[in-house]
Amino acid sequence: MDVFNYSGPLALLERLNRQYEIFSNDLQHVDRALDFCLTAWSLTDWTFHDTYPHLTSGKTKFSQSEKGKIAKQLGQFRETLYRDCEDLKVTGDIANGTKHFKLTTTPKTDIKSIEETVENALDMVLDSGIDVPQLRLNFNDGSWVVLNDVIESVHKFWNRHLNP
């Protein structure tokens, strides 16, 4: 994939699929999870560009009015994606925070932190407990979700959405 020569969201989906495979083999590696989230979130912009090329194609400078119109349409477009995959909001906050060292947009979720944990699970073959590494997303209200599950959900969404 030539990142300097736009070739569409399917090219980026290929990259996302590779990152998913790499992460799946190293479930506790924070950098691999963050890379996946960055690419998954970038797919929202790439898919928007592909869906509405008349808004962005060939232009590098936009008037304030044009910027406002594009931002509004992009926001509406993302809302349609969230209806099919709420976990995209999580990847959006992680991607924004990773890129800017803090959230520079209004948070879509209330993520407080990402924590590396080890859960003990029953291995049915060995009939004993094994340690399973996980990345846990902690929210401000005290709740949490396993980032591995979010990544799996988003991976499935993009493959369904772009390969109907």
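This is a predicted model: local features need pLDDT of at least 70, side-chain atom pairs count only at pLDDT 80 or more; totals for chains, interfaces and linings use all residues.
Good morning. Let us begin with the two helices. Two packed helices are described by the angle between their axes and by the distance between those axes. In this model, helix α1 covers residues 9–24 and helix α6 covers residues 147–162. Their axes lie 11 Å apart, at an angle of about 150 degrees. Angles over 145 degrees count as roughly antiparallel, and α1 and α6 are therefore roughly antiparallel to each other. The crossing of α1 past α6 is left-handed.

Which residues in α1 and α6 meet? From α1 come P9, L10, L13, L16, N17, Y20 and F23. Their partners in α6 are N148, I151, E152, H155, W158, N159 and L162. By type, the residues of this contact comprise nine nonpolar, four polar and one charged.

Please now look at E152, which belongs to helix α6. In sequence, E152 and Y20 are separated by 132 residues, yet their C-alpha atoms are 8.1 Å apart in space.

Finally, I turn to R136, which is located in strand β2, residues 128–139. The side chain of R136 forms a polar contact of 3.2 Å with the side chain of N138. Leaving aside residues up to four places away in sequence, R136 touches S113, I114, E115 and T117, as well as W144, V145, V146 and L147.

Thank you for your attention.

Definitions and conventions: Residues are numbered from 1 along each chain as its sequence is written. Side-chain values use heavy atoms; hydrogens and water are left out. Axes are lines fitted to C-alpha atoms, for helices over the stretch in contact, and angles run from 0 to 180 degrees between N-to-C directions. Helices (H or I, at least four residues) and strands (E, at least two) are DSSP runs, numbered from the N terminus. Angles under 35 degrees count as roughly parallel, over 145 as roughly antiparallel, 65 to 115 as roughly perpendicular and the rest as oblique. A crossing is left-handed if the near helix is turned anticlockwise from the far one by less than a right angle, and right-handed if clockwise. Contact means heavy atoms within 4.5 Å. Ala, Val, Leu, Ile, Met, Phe, Trp, Tyr, Cys and Pro count as nonpolar, Asp, Glu, Lys and Arg as charged, and the others, Gly among them, as polar. A polar contact is a pair of N or O atoms within 3.5 Å; within protein, one must be able to donate a hydrogen and the other to accept it, and residues adjacent in sequence count only if both atoms are side-chain atoms.
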